[in-house]
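Good morning, and thank you for coming. I would ask you to keep the sequence and the model in view while I speak.

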Amino acid sequence: MACTTILVGKNATYDGSTMIARNDDSAVGHFTPKKFVVIHPQEQKKVYKTVLSHLEITLPDDPMRYTAMPNAVEGKGIWAASGVNEAQVAMTATETLTSNPRVLGADPLVEYQPAEGDGAEIPGGIGEEDMVYLVLPYIRSAREGVARLGSLLTQYGTYEMNGIAFQDADEIWWLETIGGHHWIARRVPDDVYVVMPNQLGLDQFDLEDALGEQKEYMCSPDMREFIEKHHLDLSMDGKLNPRDAFGSHDDADHVYNTPRAWFILRYLNPHTRVWDGPHADCRPEDDDLPWCMMPEKKITVEDVKYALSTHYQGTPYDPYGSRGDSSVRGIYRPVGINRNDFVAVIQMRPDRMRDNAPVEWIAYGSNVFNALVPLYADIDETPEYLSNTTAEVSTDNFYWSSRLIAAMADASYRSSIFHIERYQEHVMSKGHELIGQYDELLEKEPDEAKRKQLRQEANETIAQMLKKETQTTLDLVLFELSSRMKNAFARSDA
């Protein structure tokens with residue numbers, strides 16, 4: 001799945017939160033309806049069966065409640081995608097990554113092999129379809145998430161290259177799969193942010209720490225032998241660069257992946273480097289863009305949403321723009337693309353009573369045109385407006401309403417974009433306001449049952465606000481597009 005991930009350490013955010021965020025994007029040719037739900041322990045299966053790889057895995061007996069963003073239409077697996085468990089640990093999975101023939105030859109992907117003749121089928125490994133379901137209900141820290149997923153990868157393998165983020169109030173960890181059974185992980189430094197655009201990203205790695213104290217790094221236990229046996233380290237100075245060793249630098253990366261990282265780094269660090277012109281330090285097609293950077297100012301939720309909605313505004317590459325050489329317009333894959341399924345920005349806030357800390361900011365559809373809304377994560381059920389996504393198009397749910405707004409606003413961009421900007425600002429402003437109001441009520445309420453009721457009430461109130469703003473915007477962009485129909489005529493009466 002094509003996605004974009006942003007991770008922000010607690011000293012780099014405006015309020016000391018850790019933040020992990022990811023666009024979940026469909027592949028070309030289809031769109032995947034998603035929903036926001038709570039999965040309770042009794043709903044978690046004891047034996048999990050993957051759909052794509054035909055693998056069975058026995059799960060632990062003590063799952064926790066967790067939120068998830070599964071597919072709304074059954075048939076291809078759960079794809080839980082992103083969520084927060086009751087221990088206040090979050091996970092987002094996955095960012096599809098690239099690799100190279102040396103790695104895939106040394107440790108082939110574990111792909112499903114159907115039965116042929118009298119032979120038996122051979123199950124494949126685990127993948128994006130499965131990872132959140134297999135890991136999130138059973139971990140109590142971000143570091144535990146790395147350890148559990150790492151052990152599953154070692155045991156069962158995977159049929160695809162992926163990057164996965166784990167988060168608690170103190171730490172963020174990023175794990176990248178290497179071939180079929182190997183993996184590496186790094187703790188995101190507290191004072192930086194990370195941009196991941198469908199490309200293996202880690203650009204430095206401390207094997208000594210990963211195989212020793214594991215303060216900042218973790219990896220497969222045989223990683224050193226694996227690298228040495230297959231001559232994967234390409235460094236001249238002995239300092240392992242995972243991106244060179246395990247990743248790719250294909251021509252496709254230069255139009256699909258690296259430009260996304262370039263634009264977001266350029267947005268969050270406009271003065272740190274020269275990003276444009278003949279003397280630029282960093283260009284859209286550079287293979288050595290940094291995996292992480294210290295931002296020039298502290299990063300907000302609004303910054304993350306904007307970054308994950310970008311389409312090269314202010315550059316010649318903007319598909320909606322009119323500046324510069326038209327031959328380069330739209331040549332790079334934007335972050336905010338038509339086939340964004342959802343975006344989730346998970347915020348672990350340290351300045352609130354601990355069981356009120358996690359907030360999930362959620363939006364559906366193309367990020368250029370959607371609105372991000374905050375919801376408490378420590379809940380028993382989610383608002384119907386965000387959970388009742390149907391296979392059929394309907395304005396009764398947030399997913400389809402967002403898709404409709406995006407398609408119409410794209411077709412009437414110049415006349416509709418100001419409606420979109422107002423919509424996005426109104427929803428986020430009101431969302432901040434309502435979360436602030438309920439935070440104060442929650443801090444004054446000592447009874448946990450009543451506190452949970454308040455969180456549910458807050459989410460319902462936010463959902464009602466969201467539905468009203470969304471329906472208003474849908475009406476406005478429908479009017480703009482209808483007014484520009486080809487059969488329009490200037491005169492209305494004889």
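K49 counts as exposed because its relative accessibility is 55%, where exposed means over 50% relative accessible area, buried under 20% and partly exposed in between, found with a 1.4 Å probe on protein chains only. This is a predicted model, in which local features need pLDDT of at least 70 and side-chain atom pairs count only at pLDDT 80 or more, while totals for chains, interfaces and linings use all residues. Residues are numbered from 1 along each chain as its sequence is written, and side-chain values use heavy atoms, with hydrogens and water left out.

K49 has a charged partner: it forms a salt bridge with E56, with 3.7 Å between the closest N and O atoms. A salt bridge here is a side-chain nitrogen of Lys or Arg within 4 Å of a carboxyl oxygen of Asp or Glu. By this rule the count comes to 21 salt bridges.

Please turn next to E216 and R187, whose side chains meet in a salt bridge at 3.0 Å, N to O. Which parts of the chain does this pair tie together? E216 lies in the loop between α4 (207-210) and β13, and R187 lies in strand β11, so the pair links parts that are 29 residues apart in sequence. Helices (H or I, at least four residues) and strands (E, at least two) are DSSP runs, numbered from the N terminus. E216 is partly exposed, with a relative accessible area of 32%, whereas R187 is buried at 11%.

R187 brings us to its strand.

Now consider the neighbours of β11. Two strands pair if DSSP finds at least two bridges between them. Strand β10 (residues 172-178) runs antiparallel to β11 and is joined to it by 6 bridges. E176 has I184 as its bridge partner in β11. The hairpin of β10 and β11 has 3 residues between the strands, and G179 takes a positive phi near 65° there. β11 also pairs with strand β13 (residues 217-219), again in the antiparallel sense, over 3 bridges. For R186, the bridge partner in β13 is Y217.

Elsewhere, salt bridges that share partners join R65, D378, D380, E448, R451, K452 and R455 into one network.

My last topic is the pockets. A pocket is defined on a 1 Å grid over the protein atoms alone, as an open set of points where a 1.4 Å probe fits, with protein on both sides within 12 Å along at least five of seven lines; lining residues have an atom within 4 Å of a point. Grid points are joined across faces, edges and corners, and a volume is the space filled by probe spheres set on the points.

The largest pocket has a volume of about 500 Å³. Of its 20 lining residues, P70, E74, G77, I78 and Y133 lie nearest its centre. β3 (37-39) and β4 (47-49) each supply at least two residues of this lining, and β3 gives the most, with 3 residues. By class, the lining has 10 nonpolar, 3 polar and 7 charged residues. Here Ala, Val, Leu, Ile, Met, Phe, Trp, Tyr, Cys and Pro count as nonpolar, Asp, Glu, Lys and Arg as charged, and the others, Gly among them, as polar.

The second largest pocket has a volume of about 380 Å³. It is lined by 16 residues, and those nearest its centre are Y306, S309, V368, E421 and Q424. Which helix gives the most to this lining? That helix is α12, with 8 residues. The classes in this lining are 6 nonpolar, 6 polar and 4 charged residues.

Thank you for your attention.
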